[in-house]
Amino acid sequence: MGSGFFHCRYGKSSTYSKILPENVSLANLVIQITLAPMIKRFAVILVAVIGLGSMPSSFARTWTQAATGRKIEADPVGVEGANVVLRLNDGQTVKVPVNTLSAEDQEFVKTMAPKGGGSPASGTDWPAFRGADGTGISPDTGLLEKWPSDGPEKIWTYDKAGMGYSGFAVVDGRLYTQGTRDTDVTMICVDADSGKKIWSRSYAEDDSKGYNAGWGNGPRGAPSVNDGKVYGLGPKGILVCIDAEKGSVVWKKDLIKDFSGEPGKWGYSETPIVDGEKLIVAPGGNKAGIVALNKDTGDVIWTADEVQPGMAEYATIVVSEMNGKRQYIKFFEKIVASVDAETGRLLWQGDFPKGKVAVIPTPIVDGNQVYVSAGYSAGCRAFEISSSNQVKELWTNNEMSNHHGGVIKFGDHIYGFDNGKGLVCQDWDTGKLTWMNKDRQFLSKGAVHIADGMIYALNEQNGALTLISANPEGYKEHGRFILDPQSPNRNPQGRIWTHPLVIGGKLYLRDQEFIHCYDVKK
């Protein structure tokens, strides 16, 4: 189950299929070309296009994907928003999120003047849950390899984020999150460097009714930020688009009333995902399991009425290019479903028969292979999707039963908290356990994030954050500290469930109303 710029399978002939979406991270750029058996070498050269500001047409350079270290030759053309524009040898174009590239590449992009002037694309953006490429891996490099005994230096604390478990989006030096203040679901924007409030906007009521708030009320999902707008989803199904500069509401939808949606028992929890001109979200129910809206107006583009999952569950949708088709993949309680990005028609569906109670972790998609895991002893399963959308189970086991802290693929291994084994490293190809660590810090559930080759593992019980090498050879710890202060207002049944984030040399942690920012640069 290969990862990175290229996904190849070798047999009697080599297969190399070419998929060139208009906007895709290098991690998901898959190119396949059928070659005769005697051909032993091939190359893919990215060349220039698009009229956004130009570079010499023969100016090729090597680009490196931060998450994997994979390299590829490419001609840069210009900058469009948070993307660098590259052109292929056949004249087609690709836009690559700058923050998925190496630090050196990000510095180079800063020298590329976008059309009409303005600021070059930032390599320090994290526009949605699990980042621009959906991997959960930060593009940051040059981070601390070992922490002082009391942890990295704290820069600021913001103490008015409200109740809830919403994560972060960080774009253009601003941090966005959500929280319930009194009974108002509120979108919050603060300066990422200072923690000073820029604006806040209430957009929905949260009376803790209509969903199970026994473990704490408030929004669960992180916002998304795209083209000057921020998108959020409240626990009772109110979907909002807000002007990112002014904080004013642009449009709203109600997933339950407008689409006959059915939330999970603990409320809506996913992050709305932007893809091109579309905003993608899963209302659930039996009429429109997934919907695509115009991101600027909220108008319906399509509804996936073939997808009838019942409860929406909690996982965020994954955007993927697979087998020549752009598609949206969603993990529900008993199924993994994929729909055509243009039409919403069902492409394929995989079974997850052991799913129950709450299915939360976002799937991992690599090429034409999909990995899912869930808690309550549901275990994990890997699928392979053929070019004719036939679903083949590769393996299934209980080596990883991840409740809600997420799993991340780094290289050829998966890292995450198992409900019982502790912190786990699992082989991507076989599903076999590579190592586990049963330190008491990891026997509780927790969340993981990866940056600069390190795992940031957060214990849900006591707020201990541990720095660990993301290395299949074994567990190696490089520091640990306890989040402080913690919320005195958190529901007694609640835990520290907001996922950690490292971006722009800063570490962000949250416990309810408290957001903490630390300096983790060398």
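Let's start with a word you'll need: a residue is buried if its relative accessible area is under 20%, exposed if over 50%, and partly exposed in between, using a 1.4 Å probe and protein chains only. The model is predicted, so local features need pLDDT of at least 70 and side-chain atom pairs count only at pLDDT 80 or more, while totals for chains, interfaces and linings use all residues. Residues are numbered from 1 along each chain as its sequence is written, and side-chain values use heavy atoms, with hydrogens and water left out.

**Exercise 1.** Work out how enclosed strand S36 is, and which strands pair with S36.

*Solution.* 

Step 1. Find the strand: strands are DSSP runs of E with at least two residues, numbered from the N terminus. S36 covers residues 464–469.

Step 2. Check burial. In S36, 6 of the 6 residues are buried, so the strand is largely enclosed by the rest of the structure.

Step 3. Sort the sides. In a regular strand, side chains alternate between the two faces of the sheet. Here Ala-464, Thr-466 and Ile-468 point one way, and Leu-465, Leu-467 and Ser-469 point the other way.

Step 4. Look for partners; two strands pair if DSSP finds at least two bridges between them. S35 (residues 454–459) pairs with S36 in the antiparallel sense over 5 bridges, with Ala-457 opposite Thr-466. S37 (residues 477–482) is also antiparallel to S36, again with 5 bridges, and Ile-482 is the bridge partner of Ala-464.

Step 5. Check the turn. The hairpin of S35 and S36 has 4 residues between the strands, and Gly-463 takes a positive phi near 75 degrees there.

**Exercise 2.** Describe the lining of the second largest pocket.

*Solution.* 

Step 1. The lining has 42 residues, and Tyr-165, Ile-360, His-404, Trp-497 and His-499 lie nearest the centre of the pocket.

Step 2. Sort by class: there are 19 nonpolar (Ala, Val, Leu, Ile, Met, Phe, Trp, Tyr, Cys and Pro), 6 charged (Asp, Glu, Lys and Arg) and 17 polar residues (the others, Gly among them).

Step 3. Pocket here means an open set of points on a 1 Å grid over the protein atoms alone, where a 1.4 Å probe fits, with protein on both sides within 12 Å along at least five of seven lines; lining residues have an atom within 4 Å of a point.
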